[in-house]
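Here's a quick tour of one protein model, written for someone just getting started.

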Amino acid sequence: MKYFSLNNKEHKSNFENAVVNGLAPDKGLYFPESIEQLPVSFFENLEKLSKPEITFEAIKSFVGNEIPDSALIDIIEKTIDFDFPVVEIENKISTLELFHGPTLAFKDVGARFMAGSLGYFIKKGNLGNITVLVATSGDTGGAVANGFLGVKGIDVVILYPKAKVSDIQEKQLTTLGENITALEVDGNFDDCQAMVKKAFLDKEVTSSRRLTSANSINVARWLPQMFYYFFAYRQLSSKNEKLVFSVPSGNFGNICAGMMARKMGLPIDHFVAANNSNDVVTNYLKSGEYLPKPSVQTISNAMDVGDPSNFVRILKIFNEDLSNLKEGFSAYSFDDKVTKQAIHKVYEENGYVMDPHGAVGYLGLQKFLEEHTGYYGTFLGTAHPVKFLDTVERTIGEKVEIPDSIQDLMHRQKKSLQISNYEDLKGYLLS
Ligand SMILES: *Cc1c(COP(=O)(O)O)cnc(C)c1O
């Protein structure tokens with residue numbers, strides 16, 4: 001499979017280079033040259049296929065023959081060895097729970113697949129060691145740390161803002177050891193991100209270490225996120241209505257993977273991007289103008305993004321045609337107050353506890369269903385409510401049960417290195 005840069009169609013890459021480098025040399029995002037339709041029989045037989053079989057069919061054409069089938073199956077099995085249940089919440093509304101993986105957020109899927117792919121290419125080739133350098137506002141770091149733990153040839157360096165991630169998130173980043181190093185930055189998430197960007201452009205650093213990133217820009221993190229749309233469809237195919245998925249969105253990697261699944265033939269009729277107060281895309285659909293702006297802080301902080309990186313891929317999927325886009329895609333924004341009201345209401349009426357990100361997804365779906373008839377809707381539960389314990393417990397007025405895996409985690413010893421500026425980071429990377 002070949003990929004091309006969205007900045008310049010002539011800049012091409014195979015899967016391996018796209019995974020190893022993340023971005024094209026012209027800083028464009030990679031996009032597959034062709035998207036293969038799966039045969040109708042595949043969808044008719046979906047219920048009879050196992051999760052690894054479905055996943056293999058979905059990803060095979062994007063990997064081509066660059067990873068042999070046996071190795072690909074091995075990577076897949078490690079990627080999806082947990083549950084993806086669809087839970088009905090109220091009439092015509094269900095949620096796809098994506099938080100049963102090791103770090104209790106959907107990012108486990110992409111992080112594990114990317115770790116498996118990169119690990120394969122390192123073992124096979126003469127790439128030498130690679131350093132995955134990543135800034136996190138909370139969820140990415142934990143998923144990446146967990147996914148890459150113990151992968152030979154890869155060092156992971158995670159920058160996170162001191163005192164600005166939740167306790168659970170911090171433990172997930174700082175207690176693993178081995179090839180994972182957590183750098184605790186005296187600053188906010190934007191500072192962390194700025195330092196990472198600077199390191200990628202610093203010749204002294206890049207000549208001593210091979211750096212790559214692990215966010216949804218990377219095709220090996222982005223594309224596997226389509227897997228669970230297939231799993232959801234398998235559970236929903238008996239609904240005799242048009243299907244709409246509402247996706248709590250920040251960098252729009254997750255929703256964009258769902259749109260790829262639809263391109264391959266998955267019968268999803270409509271996508272809703274559910275946003276918090278960071279409303280660039282909501283505004284774009286209203287005005288036709290894409291105006292990035294600084295992010296604002298919310299209780300659904302993994303979606304505090306002012307210039308979503310995957311938006312260019314969405315435009316590509318819809319052939320850069322706004323009316324085409326509007327037919328398959330809607331976007332709505334909700335502030336923290338409304339989000340908390342939704343968490344409270346759904347708990348009171350249905351006994352279901354949503355995290356703030358899932359709650360935004362619920363709100364987006366509800367709004368879409370109010371305006372359109374003949375649909376059955378599913379919103380993506382992107383994180384377990386315990387990851388945002390304070391907000392959730394205060395909103396529902398009750399304690400949330402903590403899974404055993406998290407209780408163990410909370411007793412582990414935190415290990416981090418404190419840094420306060422770029423020179424500290426550089427010093428660490430050169431040491
Ligand atoms: C990362 C994240 C999101 C946003 O996903 P994108 O792919 O960046 O749109 C939503 N919810 C949670 C809990 C997340 O961690």
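Let's start with helix α6, whose buried residues are Asp139, Thr140, Gly141, Gly142, Ala143, Val144, Ala145, Gly147 and Phe148. "Buried" means under 20% relative accessible area, "exposed" means over 50%, and "partly exposed" is in between (1.4 Å probe, protein chains only). Helices (H or I, at least four residues) and strands (E, at least two) are DSSP runs, numbered from the N terminus. Keep in mind that this is a predicted model, where local features need pLDDT of at least 70 and side-chain atom pairs count only at pLDDT 80 or more, while totals for chains, interfaces and linings use all residues. Residues are numbered from 1 along each chain as its sequence is written, and side-chain values use heavy atoms, with hydrogens and water left out.

- α6 is mostly covered, with 9 of its 10 residues buried.
- Those buried residues of α6 pack against α5, β6 (130-135), β7, α7, β8 and α10 (219-222). Contact here means heavy atoms within 4.5 Å.
- After α6 comes Gly150, which has a positive phi, near 80°.
- Helix α7 (residues 167-174) has 7 of its 8 residues buried, so the rest of the structure largely encloses it.
- In α7, the buried ones are Ile168, Gln169, Glu170, Lys171, Gln172, Leu173 and Thr174.
- What do they pack against? The buried residues of α7 pack against α6 (139-148), β7 (154-161), β8 (180-185) and α19 (404-410).

- Helix α8 (residues 189-201) has 13 residues and reaches 19 Å from its first C-alpha to its last, close to the 18 Å expected at 1.5 Å a residue. That expected span is 1.5 Å times one less than the number of residues.
- Which residues of α8 are buried? Cys192, Met195, Val196 and Ala199 are.
- They cover an arc of only 100° around the axis, so they sit on the same side of α8. The arc is that of the directions from the helix axis to the C-beta atoms.
- Here's the handy rule: an α-helix has 3.6 residues a turn, so residues three or four places apart point the same way.
- Over on the other side of α8, Lys197 and Leu201 are exposed.
- Asn188 caps the N-terminal end of α8, with a side-chain oxygen 3.2 Å from the backbone nitrogen of Asp190. A polar contact is a pair of N or O atoms within 3.5 Å; within protein, one must be able to donate a hydrogen and the other to accept it, and residues adjacent in sequence count only if both atoms are side-chain atoms.

**The nonpolar cores**

- A nonpolar core is a set of buried Ala, Val, Leu, Ile, Met, Phe, Trp, Tyr and Cys residues joined through side-chain atoms within 4.5 Å.
- In the largest one, which has 99 residues, Met226 and Phe329 touch the most other members.
- Helix α5 (residues 107-124) gives the most to this core, with 9 residues.
- Apart from it lies another core, of 35 residues, including Phe99, Ala342, Val360 and Tyr362.
- Leaving aside neighbours within four places in sequence, Phe329 has contacts that include Phe252, Met259, His270 and Phe318.
- Ser330 is in strand β12 (residues 329-333), and at 12% relative accessibility it counts as buried.
- The side chain of Ser330 makes a polar contact with the side chain of His270 (2.6 Å).

**Around the ligand**

- Of the 15 residues around the ligand, Lys107, Asp139, Gly250, Asn251 and Phe252 come nearest. A residue is near a molecule if one of its heavy atoms lies within 4 Å of it.
- A backbone N or O atom of Phe252 lies 2.8 Å from an oxygen atom of the ligand, and one of Gly253 lies 3.2 Å from an oxygen atom of the ligand.
- Thr382 has a polar side-chain atom 2.9 Å from a nitrogen atom of the ligand.

**Two positive phi angles in loops**

- Phe252 has a positive phi of about 65° although it is not a glycine. Phe252 sits in the loop between β10 (242-248) and α12 (253-263).
- Glu320 is not a glycine either, yet its phi is positive, about 55°. Its place is in the loop between α14 (311-317) and α15 (322-328).
- Buried or exposed? Phe252 is buried, with a relative accessible area of 3%, whereas Glu320 counts as exposed at 55% relative accessibility.
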